[in-house]
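Reader: I have the sequence and the model open and would like to go through some local details. Can we start once it is on screen?
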Amino acid sequence: MLFIFSNATFAQEDLIINTYNRPSTSLSGNWNYIVDPYENGYYNYRHEPFDLQATPSKSAFFTNSKQESPSELLEYDFDSMDTIAVPGDWNTQKEKLFYYEGTVWYKKSFDYVFMEKQNRLFLYFEASNYKTEVYLNGKKLGTHVGGFTPFNFEVTNLIKDTNNYLVVKVDNKRSKEGVPTLSTDWWNYGGLTRDVKLVETSPTFVQDYFIQLDNYNSNKIKGYVTLNGEDKATKNIQIYIPELNIRKNIVTNINGKATFEIISKDIKFWSTKNPYLYTVHIKTDEENITDQIGFRSIKTKGKQILLNNTPIYLKGISIHEESPITHGRGSTLEDAKTLLNWAKELGCNYVRLAHYPHNEHMVRLADKMGILVWEENPVYWTIAWDNASTYANAENQLAEVINRDKNRASVIIWSMANETPTSPSRNQFLTKLATYTRAKDPTRLISAALEQSDYNGNKFVRTINDPFADVVDILSFNQYIGWYDGLPEKCSQISWVIEQDKPVLISEFGAGAKQGFHGDKNTRWTEEFQENLYVETLKMLENIEQLQGFSPWILVDFRSPRRVLPKIQDGWNRKGLISEDGKKKKAFFVLQNFYNNKN
Ligand code: GCB
């Protein structure tokens, strides 16, 4: 995990795995907040950060100070401020913050009673967009950068039985060096967008584990467990899988890590048709952590994608993490259910979670529903390729999502980036990211949404001419023939020369349509235009010999500040197959019909 503290970068506590199933206390609910566009609670009037002062001034918002006498001058008071719900973006909760990009301070007061006196306590953020500074009881815990991945801090020695105050500064200002950078095609929702919780562990606890089927031996489950705590060396751990009658005893090394291999001929494989999940226990003398884990293999062979050694065609759809219920950033199980049920109804066995890591409900639910998942790092369009801290930030965000989701059977692809223009520094950046990812998780496939181009200058023949295509396991690209490039009838004039011997998975195609707007098939924004685009594109794509599936753009209309056309867009990207209020457009049924007739 990467924390930037002042100007220095340092690593703090590693991520605790599977907080989803651990004893925890959610701090969700109403928090007081202060909107602070000038970062007045962070810097003094000489623009020096208060948190670098030996004794911070009471003007620093993180001190949560109170006026102690009527003559005292203090220009804020959290407890008299308005409240806002956590989790949740600020944009859709408060009208005045709809377009806001800057700092908001959050404050939550709480009591805490340990379940066991000797236990440890961690403060865990599921996500906060974008740069987050965390203070507990006036003390700085650290800073996290990146809007879509979890991070945690140990607070065992800071927590009190009563009257704790947690102050969090969240800043969603975009920057050129950020990941993502200044320009995107989605709403920059700010705030504590996912849950914040306290996770109580025993003194030595299960920090991390990776439990999976061997990709090359389907009778073998293998992996590791890592403990954290003073007593982590030479500790007994048991991997217990009741349904397979497996009890594997292992002992940690001096670093608290134990690796293992288990042979069993009885493993029922997780698949899209039968998403079988085993309850796996990771037991120490002090803890019994359980997880629901599916065992499956995923690899490629020539132009095929093999799930459990059988070729699979990925019938997909792209999804943004936007709530169909609140029309803000999605974060609840209800949001995930609505989105993935729509994908199922469409006939999907696969989803592309664009363009950043989505919340944990999505991947947990995909595991249960038998939906394969592409997860994506927010390296989007133009990134500061030459900037070392931009790379470190991108790598860190990827590391955090891999840490969180590496035990999910549904997750089969790590995507490095989306539509990034080739250049030597970009190629190097992405290749380094891919090498890092392969070392961290050698079990999954690597891809990126690339771009297509003319073949040898011929506008009617398309190809993938990108050095990064040699690095990926799955060749993916976005293409908008018929929308940004001519009209849908153009599809029938295009042919494809794809020279890489790899499976092709088209990551995007689509057209905008305003639900309920009808007309002829060449009138932009009508449902008929979008419907025809799908009909023509599906015919065109069938001619790509290596094609193993696609994820059209996109399941639901989503908010984007780039989309301003009155009466049609009004702030929404209209390429959804479903409108934001849940109404299906004609193209939905074209794709549904295609998927239902495809094996
Ligand atoms: C793309 C981008 C996606 C946009 C989409 C569009 O190629 O990857 O983020 O939203 O096109 O609608 O233009």
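Predicted model: local features only at pLDDT ≥ 70, side-chain atom pairs only at ≥ 80, totals over all residues.
Reader: At the start of α2, which backbone nitrogen does a side-chain oxygen of asparagine 359 reach to?
Author: The backbone nitrogen of histidine 361, to within 3.1 Å. Residues are numbered from 1 along each chain as its sequence is written, and side-chain values use heavy atoms, with hydrogens and water left out.

Reader: Is α2 mostly covered or mostly open?
Author: Mostly covered: α2 spans residues 360-369, and eight of its ten residues are buried. Buried means under 20% relative accessible area, exposed means over 50%, and partly exposed is in between, with a 1.4 Å probe and protein chains only.

Reader: Which ones are buried in α2?
Author: Glu360, Met362, Val363, Arg364, Leu365, Ala366, Asp367 and Met369.

Reader: And what follows α2?
Author: Glycine 370, with a positive phi near 75 degrees.

Reader: Which residues other than glycine have a positive phi?
Author: Asparagine 308 is one of them, at about 50 degrees. That residue lies in the loop between β21 (304-307) and β22 (310-311). Lysine 567 has a positive phi too, near 70 degrees, and its place is the loop between β34 and β35 (572-573).

Reader: Asparagine 308 and lysine 567: buried or exposed?
Author: Asparagine 308 has 18% relative accessibility, so it counts as buried. Lysine 567 is at 69% and therefore counts as exposed.

Reader: Why point those out at all?
Author: Because most residues other than glycine have a negative phi, and most peptide bonds are trans.

Reader: Then where are cis peptide bonds?
Author: One joins valine 86 and proline 87, with omega about 0 degrees. Proline 87 is in the loop between β5 (83-86) and β6 (103-110). Another joins tryptophan 553 and isoleucine 554, with omega about 15 degrees. Isoleucine 554 sits in the loop between β33 (547-550) and β34 (558-559).

Reader: Which side chains have polar atoms by the ligand's oxygen atoms?
Author: Among them are histidine 355, with an N or O atom 2.6 Å from a ligand oxygen, tyrosine 484 at 2.4 Å, and glutamate 508 at 2.7 Å. The protein covers 97% of the 320 Å² of accessible area that the ligand has on its own. Those areas come from the Shrake-Rupley method with a 1.4 Å probe.

Reader: How many aromatic pairs are there?
Author: A search of the whole structure finds 38. Tyrosine 42 and tyrosine 43 form one of them, edge-to-face, 4.8 Å centre to centre with 85 degrees between the planes. Rings of Phe, Tyr and Trp (its six-membered ring) pair if their centres lie within 6.5 Å; planes under 30 degrees apart count as stacked, over 60 as edge-to-face and the rest as tilted. Both tyrosine 42 and tyrosine 43 are buried.

Reader: What about phenylalanine 125 and phenylalanine 153?
Author: Their ring centres are 6.4 Å apart and their planes are at 85 degrees, so that pair is edge-to-face. Phenylalanine 125 is in strand β7 (residues 120-125) and phenylalanine 153 in strand β10 (residues 151-154), so the pair ties together parts 28 residues apart in sequence. Phenylalanine 125 and phenylalanine 153 are both buried.

Reader: Which residues do ring pairs link into a cluster?
Author: Phe61, Phe62, Tyr76, Phe78, Trp105 and Tyr135.

Technical notes. Polar contact = N/O pair within 3.5 Å; in protein donor to acceptor, adjacent residues only side chain to side chain. Helix = DSSP H or I, 4+ residues; strand = E, 2+ residues; numbered from the N terminus.
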